Amino acid sequence: MTATLPHWDMTVVYPGLESSEFADSFRAMQANIAALQALFDEVVVPQQPAPFDEQTRANVERVLERINAVLEEVGTIEAYIFAFVSTDSRNDTALARLSELQQQESLLSQLMTRFTAWIGSLDVEALIERSPLAAGHSFALRQAKERSAHLMSPIEEALAAELRLTGSSAWSTLNDTFTAQIAVPLDIEGQPAEAPMSVVRNLASHPDRSVRQRAYQAELAAWQRHAVPIAAALNSIKGEVNALARRRGWDSPLDQTLFDASMDREILDAMMNEARASFPDFRRYLRAKARALKLPRLAWYDLFAPLNTGNRSWSFDEARDYILTHFGAYGAPLQQYAARAFREHWIDAEPRAGKQGGAFCMPLRRDESRILANYETNYGGMSTLAHELGHGYHNVRLAARTALQKNTPMTLAETASIFCETLVKQAALKDAGPAARMEILEASLQDQCQVVVDITSRFLFEQQAFERRQARSLSVEEFCEIMLEAQRATYGDSLEERELHPYMWAAKGHYYSGDLSFYNFPYMFGLLFGLGLYAHYQADSEAFKRSYDDLLSSTGLADAGTLAARFGIDLRAADFWRSSLDIIRQDINRFGALVDQDTATER
């Protein structure tokens, strides 16, 4: 048994942020970006559409090769720096390196905008037909052609990229650093008198309701005390996104996000309509959970409460072994990858002061990833670990692709993670007795309720925030009221209305990006798409395995609808989304029956 939860190992990349090896690589990256700029000055000249010739083909190929090389280099350095920033927000050296990197990324962003404008001036179809390299990047080139219609003038685009450093990027960094350093006073026996916000939020899964309630109250009080600068960050970021979307000719930030996500309104509407139709079923689940906890109705701080079923504790080592066993039941490549991730210390699992909350997986270099978790010793902690390892497996399958080919939209980024999470869940259900089965179903439904119901509330909040921000900045109180309205519209009467969470807009870092607006509905897409794929796996596992790895390696090569069609899935049809939600409905029915059976036994 591991006494201390693991930290990830970054020394295999560079000895440290202040090492000569890192400094040399950073300087080499700067030189390569400068060389790319010189190449652009030589050959990238936006012009009126002109006849395609061999010189143009050769120029595009040179530029594609250099862009891919630079993007790979920048991606590794960015991940390396972020590994320090995300685990210690007080690391001034890491924050300084991040700021220096952002200066270079601003230059690269300007070059990519020039590249988009240049491709927009070319006959892309002729280029794809006559160049194998271009053909391999056909999706990226066609996307660039379409995106070029939404560019401002070159001078305006360059200015926007420079101002972003002191605009949305700066506000986002401030929010990440500021919220990671919030210390929350606690009056809870057995807990420190003051704890990081991530630790306090983890108490939402404490078995003692009084602890959960006091942690919730302490959390809300802390957000209220610190809300003014957080609201300033949100106002500034949403204001910038609104302005740039308007200047670039998008009807709304949502339309720009849908393009970036490689999907359209018809797909979004089909999914969201079926999600709303499932709310009564999720409310049945929440009422069943209230019965299991012997409560008349859940409060917000009960959403993550464990059931009193003698819950199994999952140590990190036990979670590792279970995941490896059941990844292996699917196939050796998946198991071997996960074993390597544990063996080579790709995972940072310990919650601690200054560390970012939640969990994520980021590509590092070639087929390597790094996984951040704040591990909890319960089924949910094990499930989250399997989920993030799924992201890492996706990165393995993408490793042979170029940087441009690996550019996976958010909608498809959850494909492998949901599938891996589901593999482990189904195995755990098969192994479990009635009490443990109820716990596993509840943990799964808890997550799915977040992804369908709570994600919809976040989507509604963000729609309103963008719309109202067009007129003026919003106050802390207005953000809170919009959040409460969204929670009432989605959770309905399944939660105590007086005990919702008005500060979820402050707690969720997904709102604080100038580059990724509506960082919410893609999670729902990923869940329901992943469940749909798992149903195909159950129907014909061998046929599925022959196609699945290729699908993962192709998520940057086509839009979501085209990739889904490989499995006979029509994303614009309500039937697909309904069938995926039906899988969840079956689990809600099973969970409700187990709760009622358990309640009857107690009587």
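In the predicted model, eight positions of helix α1 are listed here by their burial: Phe22, Phe26, Met29, Ile33, Leu36, Leu39, Phe40 and Val43 are buried. An α-helix has 3.6 residues a turn, so residues three or four places apart point the same way. Helix α1 itself runs over residues 20-43 and has 24 residues. From its first C-alpha to its last, α1 reaches 34 Å, close to the 34 Å expected at 1.5 Å a residue.

A sheet of three strands is also present; the sheet is open, its pairing is mixed, and its strand order is β3-β5-β4. Strands β3 (347-348) and β4 (360-365) stand at the edges with a single partner strand each, so one side of each has no neighbour in the sheet. The pairing of β4 with β5 (residues 368-372) is antiparallel and runs over five bridges. Within this part of the sheet, arginine 365 stands opposite glutamate 368 in β5.

Rolling a probe the size of a water molecule over the atoms shows where empty space is left. Two cavities of 30 Å³ or more are found in the structure. The largest cavity has a volume of about 80 Å³. Its lining consists of Tyr379, Ser383, Ile418, Glu421, Thr422, Lys425, Ala443, Ser444, Asp447, Gln448, Leu527 and Leu531. Four helices, α16 (379-398), α18 (415-431), α19 (434-469) and α22 (521-539), are the elements that give two or more residues to this lining. Sorted by class, the lining of the largest cavity has five nonpolar, four polar and three charged residues.

The second largest cavity holds about 40 Å³ of space. Tyr285, Leu286, Leu303, Phe304, Gln446, Cys449 and Gln450 form the lining of this second cavity. Here the elements that give two or more residues are α13 (279-292) and α19. Helix α19 supplies the largest share, three residues. In the lining of the second largest cavity, five residues are nonpolar, two are polar and none is charged.

Technical notes:
Residues numbered from 1 in each chain as written. Predicted model: local features only at pLDDT ≥ 70, side-chain atom pairs only at ≥ 80, totals over all residues. Heavy atoms only, no water. Pairing = 2+ DSSP bridges. Expected span 1.5 Å × (residues − 1). Buried < 20%, exposed > 50% of the residue type's maximum accessible area, 1.4 Å probe, protein only. 1 Å grid on protein atoms, 1.4 Å probe; cavity = no way out; pocket = protein on both sides within 12 Å on 5 of 7 lines; lining within 4 Å. Points joined across faces, edges and corners; volume = space filled by probe spheres on them. Nonpolar A, V, L, I, M, F, W, Y, C, P; charged D, E, K, R; others polar.
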